[in-house]
Amino acid sequence: MSKSFQIFGEANESVIYNPDELIDLFLDCTVDGICLVDMDNRFIRVNRMYTKIFGYTEEDIIGKRFTEFPNPDIVVKIIEAVKLGKAFHNIVTQRFHKDGSVLDIAVSYSPFRNSNGDIIAIMAIYRDVTEHLNTERELKRTRELYKLITENTSDMIKVYTKDKKILYASPSHEKGIGFTPEQLVGRNVDDIIFPEDKEYFETVVQNLIDTGEPQLFEIRIKTGDNDVIFSETNISPIYNEQKEIDSFVAVGRNITDRVKNDDALRNLDRLSIIGQLAAGVAHEIRNPLTSLKGFSKLLKSTSEKSKQENYLSIIMNELDRIDMIVNEFMSLAKPQAIQFEKENLIGILDSTINVLHPQALLHNVQIKKAYPLDDIELLCSPHQLKQVFVNFLKNAIESMPNGGNVHINIQKIEDKRVLVSFRDEGVGIDTELMGFLGTPFYTTKDKGIGLGLTVSNKIIQEHNGIMKIESQSGVGTIVKVELECI
């Protein structure tokens, strides 16, 4: 005779359950699939979760042998062992859903005994772990893929903390800069950065922290044999669970050969500019020299102190002008190391105009400026920007053989950017030729070498800038340069 159980619920109300009802409640509420198989291997009981996991109904299963369904070979041996009193827990096997899909199942087998202790059935408890194992497999596959990439790429990959302590360095560093990963892990990134580039690197990192955007930059790296290479590096943030920047990942590559080629092109363009400007500079120097000769003779022929002082003042002014012209010309002619520093944009432009002033006079061209009242500071290589601006101004002057005006305008725009435009009143450029501008060695001028715009665009890109050219045949050309300001 079965016993009944009294269970108290809310407000001390009681409900009477018999054991069979309790078993049904348990089987229906558990999150695991459960089945009972008799000693003849026939299904005698399954719960709802079992049917949900495998897709079979009770009618599909009850009364049938488990061997009628696809099972791993090991299951038959396990069932026979359970009949002898053994138990097996959390065995992960692959089973099949009714629709044929493969499931990863963790299953435990236990002998089911009656009140006399005799084994009368086998109880199996199933848990679907397909999603969990698929996640683990995908994670493992991703880790292996990342490991394969980092171990075989020629790019140098580093992970380091916000205080720049290196946490990981790819094996490619040994070939790239002569340091093994073991020699780099634990060190500070500053240890391998060229000293003069550390301030620039700090600025890049601060921009990354401020914006959260990856930064692409060029920097010099010290190697294990005390040499220096140029590295093009992309640095990106790594966020923690609080959505805060926790560390950085940097991917760099050796671009020393490319930098040398770029330098060669720049020097070639710079020498071409110097050759073309030489006549104008010589003409500009010849005028004050003529004055110097004349006033020197006058100084020699007079004994009046007031006239001597007046002549000397004029002579000194002319010498100062010659000195200024020569200095500006030599600053363009002298090779300069690439180094970013804080510089006033207006000062760079005025210096450029001084260089081009003689050529502008020869072509009867007036240079008109429209500057803001405030100074605009850039983190830049002033000599490189001067080379860019010389190219633009020289092109503008040469586009007006009968004279005219070149308008230089500086305008602050949003997000710490500044727009510099050079507008001429020259012959303009045909629409069909616009697509060829910037192509190396393509030129529309008799004396050009076709590198000016190519080199200029490259320099502007290295300054995180943008160059645009608008032109209309017979009307003129506008060159716009957008740069970052501090």
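Reader: How many aromatic pairs does a search of the whole structure find?
Author: The model is predicted: local features need pLDDT of at least 70 and side-chain atom pairs count only at pLDDT 80 or more, while totals for chains, interfaces and linings use all residues. Residues are numbered from 1 along each chain as its sequence is written, and side-chain values use heavy atoms, leaving out hydrogens and water. Rings of Phe, Tyr and Trp (its six-membered ring) pair if their centres lie within 6.5 Å; planes under 30 degrees apart are stacked, over 60 edge-to-face, and the rest tilted. For aromatic pairs, the search of the whole structure gives twelve.

Reader: Is the pair of Tyr50 and Phe54 stacked, tilted or edge-to-face?
Author: Check the distance first: the ring centres of Tyr50 and Phe54 are 4.7 Å apart. Then take the angle: with 40° between the planes, the pair is tilted.

Reader: Why are Tyr50 and Phe54 separated by about one helical turn?
Author: Helices (H or I, at least four residues) and strands (E, at least two) are DSSP runs, numbered from the N terminus. Tyr50 and Phe54 are both in helix α2, residues 48-54.

Reader: Is Phe54 buried or exposed?
Author: Buried means under 20% relative accessible area, exposed over 50%, and partly exposed in between (1.4 Å probe, protein chains only). Phe54 has 4% relative accessibility, so it counts as buried.

Reader: Why is the pair of Phe54 and Tyr126 called edge-to-face?
Author: The ring centres of Phe54 and Tyr126 are 5.4 Å apart. Phe54 is in helix α2 and Tyr126 in strand β7 (residues 119-128), so the pair links distant parts of the chain, 72 residues apart. The name edge-to-face is used because the planes stand at 85°.

Reader: What is the volume of the largest cavity?
Author: On a 1 Å grid over the protein atoms alone, a cavity is a set of points where a 1.4 Å probe fits but cannot get out; a pocket is an open set with protein on both sides within 12 Å along at least five of seven lines, and lining residues have an atom within 4 Å of a point. Grid points are joined across faces, edges and corners, and a volume is the space filled by probe spheres set on them. There are two cavities of 30 Å³ or more. The largest has a volume of about 210 Å³.

Reader: Which element gives the most to the lining of the largest cavity?
Author: This cavity is lined by 20 residues, with Phe43, Tyr50, Asn71, Arg95 and Tyr126 nearest its centre. Elements giving two or more residues are β3 (33-38), α2, α4 (73-83), β5 (88-96) and β7. The top contribution, four residues, comes from β7.

Reader: Which element gives the most to the lining of the second largest pocket?
Author: The second largest pocket holds about 810 Å³ of space. Its lining has 29 residues, and those closest to its centre are Thr203, Asn207, Leu379, Glu484 and Ile486. With eight residues, the element that gives the most is α8.
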